[in-house]
Amino acid sequence: MTITDSGSPDRASILLVDDMEDNLIALEAVLGSLNEPLVRARSGEEAMKALLRHRFAVVLLDIRMPGMDGFETASNIKRLDQTKDVPIIFLTGTDADAGYAFRGYATGAADYLTKPFDPWVLRAKVTVFLDLHRKNQQLQRLLAREQAQLDTLATRMASIEHQLAEHPEPDVRALRTRVSQMEETLRTLRRP
């Protein structure tokens with residue numbers, strides 16, 4: 001397994017799974033221009049290890065491999081909570097059984113391409129999953145920020161309630177200041 005260019009958390013790694021060196025080289029040549037980390041795995045077992053160690057935006061998975069084939073690998077990916085949402089694009093030769101596409105989609109594939117693939121089509125499909133990954137990351141950061149702000153509001157509210165319970169004649173100025181802080185936090189939550 002080789003990792004080329006790990007990077008910031010915004011980087012959207014791509015897992016390339018194929019037992020043939022020539023196929024991995026071809027995938028790297030096509031996808032290198034996307035400037036995202038490319039991780040190689042030469043078997044289903046290596047792919048699973050990589051998926052448990054790193055987050056990926058998409059997996060390009062060969063169907064025909066010795067040992068754990070692509071279908072079994074995909075089933076294992078979809079079975080684990082940590083990896084079940086990673087999209088899979090199956091890659092297989094043109095001489096593949098017609099039932100491969102159905103079986104691929106049935107095991108959770110997001111897409112299916114036959115080799116030799118059109119480099120432009122492959123790059124376009126991968127780009128869609130990279131964009132979806134980035135949008136999902138942005139949403140997760142936004143939700144985390146909003147949750148932190150809501151936690152701050154809850155803490156301030158609890159503090160006000162405590163002060164009112166402890167002191168029959170509360171310091172109105174201090175309460176107004178705390179309420180103003182809460183209003184400011186609410187304004188930041190409402191901003192787009």
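Helices H1 and H5 are roughly perpendicular to each other, a description that applies to angles of 65 to 115 degrees, whereas angles under 35 degrees count as roughly parallel, those over 145 as roughly antiparallel and the rest as oblique. The two helices pack at an angle of about 70°, with their axes 9 Å apart, where the axes are lines fitted to C-alpha atoms, for helices over the stretch in contact, and the angles run from 0 to 180 degrees between N-to-C directions. On the H1 side the contact is made by Leu27, Val30 and Leu31, and on the H5 side by Pro119, Leu122, Arg123 and Val126, with contact meaning heavy atoms within 4.5 Å. Helices (H or I, at least four residues) and strands (E, at least two) are DSSP runs, numbered from the N terminus.

This is a predicted model, in which local features need pLDDT of at least 70 and side-chain atom pairs count only at pLDDT 80 or more, while totals for chains, interfaces and linings use all residues. Residues are numbered from 1 along each chain as its sequence is written, and side-chain values use heavy atoms, with hydrogens and water left out.

From the helix pair we turn to the strands. Strand S4, which spans residues 58–62, is mostly covered, since five of its five residues are buried; buried means under 20% relative accessible area, exposed means over 50%, and partly exposed lies in between (1.4 Å probe, protein chains only). In a regular strand the side chains alternate between the two faces of the sheet. In S4 both faces are covered, with Val58, Leu60 and Asp62 buried on one side and Val59 and Leu61 buried on the other.

The neighbours of S4 can be followed through its bridges, two strands being paired if DSSP finds at least two bridges between them. Strand S2 (residues 14–17) runs parallel to S4 and is joined to it by four bridges, and leucine 15 has valine 59 of S4 as its bridge partner. Strand S5 (residues 88–93) also runs parallel to S4, again with four bridges, and here leucine 60 stands opposite isoleucine 89 of S5. Between S4 and S5 the chain crosses through helix H3 (residues 70–79), and this β-α-β crossover is right-handed, meaning that, with the strands pointing away from the viewer, the path from the first strand over the helix to the second runs clockwise.

Threonine 107 lies in the loop between helix H4 (99–106) and strand S6 (111–115), and at 17% relative accessibility this threonine counts as buried. Leaving aside residues up to four places away in sequence, threonine 107 touches Phe71, Ala74, Ser75, Lys78 and Phe90.

The charged side chains come next. Side chains of opposite charge can pair when their charged atoms come close. A search of the whole structure finds nine salt bridges, each being a side-chain nitrogen of Lys or Arg within 4 Å of a carboxyl oxygen of Asp or Glu. One of them brings together the side chains of arginine 40 and glutamate 21, at 2.9 Å from N to O. Arginine 40 lies in strand S3 (residues 38–41) and glutamate 21 in helix H1 (residues 21–31), so this pair ties together parts that are 19 residues apart in sequence. Arginine 40 counts as buried at 12% relative accessibility, whereas glutamate 21 counts as partly exposed at 29%.

Glutamate 21 also meets arginine 42 in a salt bridge, at 2.8 Å from N to O. Because arginine 42 lies in the loop between S3 and helix H2 (44–53) and glutamate 21 in helix H1, this second pair ties together parts that are 21 residues apart in sequence. Arginine 42 is partly exposed, with a relative accessible area of 35%.

A further salt bridge joins the side chains of arginine 134 and aspartate 131, at 3.2 Å from N to O. Both residues lie in helix H5 (residues 119–166), three residues apart, which is about one turn of the helix. Arginine 134 is partly exposed at 29% relative accessibility, and aspartate 131 is partly exposed at 39%. Elsewhere, salt bridges that share partners join Glu21, Glu28, Arg40 and Arg42 into one network.

Two backbone features complete the tour. Lysine 115 and proline 116 are joined by a cis peptide bond, with omega about -5°, and proline 116 has its place in the loop between S6 and H5. Asparagine 35, in the loop between H1 and S3, has a phi near 55°, a positive value in a residue other than glycine, and is exposed, with a relative accessible area of 54%.
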